Amino acid sequence: MKPVRTPDIRTAGIGTPDIEVRRSARRRRTVSAYREGGRVVVLIPDRFTAAEEREWVPRMVQRVLGADRGRTRSGDAALARRAAELSQRYLDGRARPTSVRWVPAMRTRWASCTPLDGTIRLSRRLLDLPTWVQDYVLVHELAHLIEAGHGPRFWRLVENYPRTERARGFLDGVSAAANLSIDAEDDLDADPDADSDADFNADSDDAVGAGPTEGVG
């Protein structure tokens with residue numbers, strides 16, 4: 001099976017970070033697609049012309065992304081429940097977000113929150129990482145609902161989570177390996193003059209506009 005990179009897909013208006021097309025001589029007519037890590041893999045017959053590839057690859061990628069959106073909608077409820085559990089366990093239930101949800105991959109953050117309205121957003125990049133790393137990110141954002149800044153009181157709250165240092169190191173490693181501009185050591189962007197969610201709205205239609213935003217980077 002021959003992997004083929006197709007820059008044409010980018011021009012089809014599909015907002016996915018990575019697409020790989022694989023041609024197979026054994027395939028006659030069937031086309032399929034699936035997630036593999038952070039990319040979408042599309043399998044097509046080797047005999048497909050360039051025109052057929054341009055027709056079928058965007059269609060199959062859209063199906064995968066549509067399935068992702070369906071899973072994410074149901075996943076938001078589970079994420080909110082997990083946040084409530086973590087708040088109770090590590091923050092004495094003091095952090096009470098109004099909403100916790102998955103959002104499209106952010107360019108420079110793993111997650112963000114808006115203390116003013118109590119909303120928390122986690123990048124879908126985290127879906128491929130261990131649950132204990134996701135838990136750290138949730139605790140980090142929950143702590144910002146109690147302490148908006150980066151001072152000692154904030155870090156004392158975060159460090160109630162026993163795997164804090166390990167998770168920070170893990171996120172640094174993932175960022176470096178994937179060449180992401182996300183630094184877990186300097187991980188929050190709190191600009192009181194910045195428009196809310198400006199950091200990730202450039203890559204999504206998910207605008208909130210509710211005030212200053214904190215974000216795990």
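**Packing and charge pairs in a predicted model**

Me: What is the relative accessible area of Phe170?
Reply: In this predicted model, Phe170 belongs to the partly exposed residues. A residue is buried under 20% and exposed over 50%, and Phe170 falls in between, with a relative accessible area of 30%.

Me: How many of the 14 residues of α2 are buried?
Reply: Helix α2 runs over residues 131–144 and reaches 20 Å from its first C-alpha to its last, close to the 20 Å expected at 1.5 Å a residue. This helix is mostly covered, and the number of buried residues among its 14 is 13.

Me: From where does the largest share of the largest nonpolar core come?
Reply: The largest nonpolar core has 31 residues, and those with the most contacts inside it are Leu122, Leu126, Tyr136 and Leu171. Several elements each supply at least two residues of this core, among them α1 (50–90), β5 (99–103), α3 (152–158) and α4 (164–177). The largest share, 8 residues, comes from α2.

Me: How many residues does the second, separate core have?
Reply: Apart from the core of 31 residues, there is a second, separate one that includes Ile19, Val40, Ile44 and Met60. The number of residues in this second core is 12.

Me: Why is the pair of Trp132 and Phe170 edge-to-face?
Reply: The structure holds 3 aromatic pairs, and a pair of aromatic rings is described by the distance of the centres and the angle of the planes. The rings of Trp132 and Phe170 have their centres 5.5 Å apart, and planes over 60 degrees apart count as edge-to-face. The planes of Trp132 and Phe170 stand at 75°, so the pair is edge-to-face.

Me: How many residues apart in sequence are the parts that Trp132 and Phe170 tie together?
Reply: Trp132 counts as buried at 15% relative accessibility, whereas Phe170 is partly exposed. Trp132 lies in helix α2 and Phe170 in helix α4, so the separation in sequence of the parts they tie together is 38 residues.

Me: What angle do the planes of the rings of Phe154 and Trp155 make?
Reply: Both Phe154 and Trp155 are buried. Their ring centres lie 5.0 Å apart, and the pair is edge-to-face because the planes stand at 75°.

Me: Which residue has its charged end over the ring of Trp132?
Reply: Besides its aromatic pairing with Phe170, Trp132 has a charged end sitting over its ring, 4.4 Å from the centre. The residue that supplies this charged end is Arg166.

Me: How far from the ring centre of Trp56 does Arg59 lie?
Reply: Arg59 counts as partly exposed, at 35% relative accessibility, and forms a salt bridge with Glu55 in which the closest N and O atoms are 3.0 Å apart. Being 4 residues apart in helix α1, Glu55 and Arg59 are separated by about one helical turn. Arg59 also lies over the face of Trp56, and its distance from the ring centre is 4.2 Å.

Me: How many residues apart are Glu53 and Arg23?
Reply: Among the 6 salt bridges that the structure holds is the one between Glu53 and Arg23, with the closest N and O atoms 2.6 Å apart, and both of these residues are buried. The pair links distant parts of the chain, with Glu53 in helix α1 and Arg23 in strand β2 (residues 19–24), at a separation of 30 residues.

Me: Which residues are linked with Arg82 in a network of salt bridges?
Reply: Arg82 forms a salt bridge with Asp135, the closest N and O atoms being 2.6 Å apart, and this pair links helix α1 to helix α2 across 53 residues. Arg82 is partly exposed, with a relative accessible area of 25%, while Asp135 is buried at 9%. The side chain of Arg82 is also joined to that of Glu85 by a polar contact of 2.9 Å, and Glu85 lies in helix α1 with a relative accessible area of 42%. The residues linked with Arg82 in this network are Glu85 and Asp135.

How values were computed:
Residues numbered from 1 in each chain as written. Predicted model: local features only at pLDDT ≥ 70, side-chain atom pairs only at ≥ 80, totals over all residues. Heavy atoms only, no water. Expected span 1.5 Å × (residues − 1). Buried < 20%, exposed > 50% of the residue type's maximum accessible area, 1.4 Å probe, protein only. Core = buried A, V, L, I, M, F, W, Y, C linked by side-chain atoms within 4.5 Å. Phe/Tyr/Trp six-rings, centres within 6.5 Å; stacked < 30°, edge-to-face > 60°. Lys NZ or Arg CZ within 6 Å of the ring centre and 35° of its normal. Polar contact = N/O pair within 3.5 Å; in protein donor to acceptor, adjacent residues only side chain to side chain. Salt bridge = Lys/Arg side-chain N within 4 Å of Asp/Glu carboxyl O.
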